[in-house]
Amino acid sequence: MTPPLETGRPDLAVTLAGVPLEHPVLNASGTFDALETARRFGAGALEPFPFAAYVPKTVTLEARAGNPPPRVTETASGMINAVGLQNPGIAAWLDELPLLAGVPVPVVVNIGGSRRADYLEVLRRVEARLEVHDTDLPRVIGYELNVSCPNVGGGGLAIGTQPAETARLTAAARALTRRLIIVKLTPNVTDIVAVARAAADAGADAVSLVNTLRALVLDPQSLTPCLGNRTGGLCGPAIKPVALRMVWEIASALDVPIIGMGGIVSGRDALEFVACGATAVAIGAANFTGPEAPLRIVAELAAEMRRRGLTDLAAVRGRALSRT
Amino acid sequence: MSESDDGFVMTGERLSRTVTRLAGRCVTRASKKRSCRAIVSAAPTTGRVCTTAGMAEAPPRSAAAALRGEQACAAAASGSYRVVERRSFGPYALLTVHAPDVAAVARPGQFVMAAVPGPQFHLRRPLSLHSVEGPRLRLLVEPRGEGTRALADTGVADTLALTGPLGSGFPLGDVRAALLVGGGIGAAPLQFVADVLRERGVPVTAAFGFRDEGQARLAAAFEVDDLWVATDDGTVGRRGTAVELASAVGAGPQASVLACGPAPMIAQVGSWAAAVGLTGYASLEAHMACGTGACHGCVVATREGYLRVCVDGPVFPLDLPAATGEPPGGGVEAGR
């Protein structure tokens with residue numbers, strides 16, 4: 001599925017906050033599961049691994065049941081979800097961590113929580129587990145702090161919509177690890193640059209954006225909310241222009257590395273995020289259009305670059321910016 | 001009495017087939033189940049071998065997990081496949097797809113995720129396997145919305161991008177007699193069940209409930225020797241629900257109840273089966289996004305909490321779904 005290596009193939013390699021990646025395409029948390037993919041399709045489906053780094057689904061301190069169904073439905077050029085961070089909690093999660101030992105790319109642990117202390121405790125536990133020298137663990141390069149889930153109470157948006165709260169969590173997390181701290185930002189704010197700046201100033205190595213936009217879908221028959229949680233988070237191509245604008249704003253104002261996401265379904269979409277200043281990108285809803293999507297997007301990105309005579313992504317990064 | 005598209009004659013409640021059944025169709029391939037490694041690893045020493053035996057090492061987390069463990073190793077495929085035949089039953093389409101790698105490992109009760117044709121962004125749609133015949137799959141499609149309408153309109157020689165087979169199948173090993181209960185389009189996977197049981201000489205009775213005469217045309221997409229039909233409005237067959245029909249028809253005290261349909265129907269089947277001392281399995285429907293266990297978008301409330309229809313199911317023990325529609329302790333988060 002990857003294009004054959006040929007002379008003149010553009011260099012897709014990027015360095016994200018000091019970490020070299022084979023190409024810029026990651027998965028958005030909660031949209032791809034390496035273990036489940038191997039269980040369904042066999043290990044061959046992960047060779048080559050479809051992403052340059054693997055971000056598992058959000059883990060929280062305690063197990064979370066998640067929101068009542070229905071949790072997902074399609075919308076015009078996108079979809080809405082209100083899963084509510086269903087996960088087994090950090091203890092059970094750590095028990096399964098060795099199953100990811102074979103993942104051949106760096107792993108970024110995505111952490112959610114209801115309170116700041118919960119995020120920090122999860123981070124501490126992962127660090128403690130990684131302290132024990134064990135060859136049977138994946139290569140965890142850092143943490144993505146999910147302060148932007150629109151479908152849970154407390155934590156989540158309550159932190160990510162407030163620069164001061166975001167800074168406080170980021171600084172505390174920063175003090176606990178030498179690994180990367182990536183803060184995942186919400187688009188549900190008036191000024192995303194203020195939140196990104198707070199994270200960067202507090203020691204974040206990178207920011208990732210956007211998480212989903214709070215949205216509402218009605219059942220056409222009953223005219224009542226479709227989802228069990230009533231509101232949900234919108235993603236898919238419908239939100240790409242919003243995501244691009246926010247990446248563009250942050251890249252114009254700050255030097256913090258950016259993982260751009262929101263509606264990327266093609267190589268050209270990915271290139272647009274890079275042109276707006278993103279170092280890496282993530283694929284979310286597109287994963288649901290079929291398991292071939294990520295490698296197709298990587299191949300399309302290479303083709304787009306070749307077509308434009310670009311030899312590496314640095315040559316195009318930030319092209320859309322209008323720095324003064 | 002009315003004659004359907006397919007030469008089935010409806011006489012009162014009962015459908016008698018007037019066409020000769022093709023011999024030897026629908027051989028199951030469960031024994032060809034491939035083993036697969038649970039996770040990639042460059043070093044074979046750290047690879048975990050996911051065989052049925054290997055899975056037995058860990059105690060099953062739950063009944064649903066045990067069910068899943070039994071069947072989780074079949075390697076799903078993903079690709080584009082050619083539609084080789086299309087039959088219509090009113091608005092419903094029965095598509096035959098040449099998909100040898102999917103068909104080779106498919107089991108009754110499993111499903112595929114089908115890509116909606118066209119350039120727009122669409123989630124794949126879960127479609128259960130109506131039947132498998134050699135290298136071919138049959139998919140019964142009800143045009144419910146934009147996506148399923150496009151799928152139902154797929155024509156012969158078009159290609160269809162599919163991922164599958166996915167999910168657990170019906171555990172049929174211990175079935176000595178079967179009462180198949182289907183509601184609407186939910187009846188789809190029960191043809192495959194009937195085919196496999198027929199191969200094994202297990203007596204099968206089917207009780208299908210439809211909304212009205214229009215939806216009852218779906219009955220003609222099934223070839224089951226002992227098929228009974230009811231409609232809510234009584235225009236075809238008995239007046240009443242699938243459960244009322246199943247209760248009236250019966251299949252003896254040894255029968256396993258194997259059901260598929262909308263959640264309210266499954267709940268009724270579960271209550272009725274419990275009341276008369278029958279056990280069995282139900283295949284559940286849900287909105288899905290990934291279909292492969294990643295997103296947790298398709299959960300159903302069960303006595304064991306929210307379980308994913310796509311990988312923990314779609315087939316669950318009949319008594320597993322929570323009667324209240326919410327898991328014990330409530331699944332509702334504080335922030336709801």
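I take helices (H or I, at least four residues) and strands (E, at least two) as DSSP runs, numbered from the N terminus. On that basis I counted 8 helices and 20 strands in chain B. Chain A gave me 9 helices and 13 strands.

Notes on conventions. I am working on a predicted model, where local features need pLDDT of at least 70, side-chain atom pairs count only at pLDDT 80 or more, and totals for chains, interfaces and linings use all residues. Residues are numbered from 1 along each chain as its sequence is written, chains are lettered from A and ligands numbered from 1 in the order in which they are written, and side-chain values use heavy atoms, with hydrogens and water left out.

**Entry: chain totals**

I looked up burial first (buried is under 20% relative accessible area, exposed over 50%, partly exposed in between; 1.4 Å probe, protein chains only). Chain A has 324 residues, and 62% of them count as buried. Chain B has 336 residues, with 57% buried.

Next came surface, by the Shrake-Rupley method with a 1.4 Å probe; for residues, only the protein chains shown count as cover. Chain A exposes about 11900 Å², 52% of it from carbon and sulfur atoms. For chain B I noted about 13100 Å², with 51% belonging to carbon and sulfur atoms.

Then contacts (heavy atoms within 4.5 Å). I kept those with a separation of 6 or more in chain A; residues 24 or more positions apart account for 74% of them.

Two packed helices are described by the angle between their axes and the distance between the axes. My axes are lines fitted to C-alpha atoms, for helices over the stretch in contact, with angles from 0 to 180 degrees between N-to-C directions.

Helix α8 (residues 267-275) and helix α9 (residues 293-307) of chain A have axes that come within 7 Å and cross at roughly 65 degrees. I therefore logged α8(A) as roughly perpendicular to α9(A). The classes are: under 35 degrees roughly parallel, over 145 roughly antiparallel, 65 to 115 roughly perpendicular, the rest oblique.

Which residues make the contact? From α8(A) I listed Gly267(A), Arg268(A), Ala270(A) and Leu271(A); from α9(A), Ile297(A), Glu300(A), Leu301(A), Glu304(A) and Met305(A). By class they are 5 nonpolar, 1 polar and 3 charged. Nonpolar here covers Ala, Val, Leu, Ile, Met, Phe, Trp, Tyr, Cys and Pro; charged covers Asp, Glu, Lys and Arg; the others, Gly among them, are polar.

**Entry: α7 and α8 of chain B**

Helix α7 (residues 242-249) packs on helix α8 (residues 263-276) of chain B at about 30 degrees, axes 9 Å apart. α7(B) and α8(B) are therefore roughly parallel. Ala242(B), Val243(B), Ala246(B) and Ser247(B) of α7(B) meet Met265(B), Gln268(B), Val269(B) and Trp272(B) of α8(B).

**Entry: two loop residues of chain A**

Asn151(A) sits in the loop between β7 (140-146) and α4 (156-160). Is Asn151(A) buried or exposed? Asn151(A) is buried, at 4% relative accessible area. Leaving aside neighbours within four places in sequence, its contacts include Asn67(A), Asn81(A), Asn229(A) and Thr231(A).

Ala101(A) lies in the loop between α2 (90-96) and β6 (107-111). With neighbours within four places left aside, Ala101(A) contacts Asp136(A), Leu137(A) and Pro138(A). I also noted 7.7 Å between the C-alpha atoms of Ala101(A) and Arg139(A), 38 residues apart along the chain.
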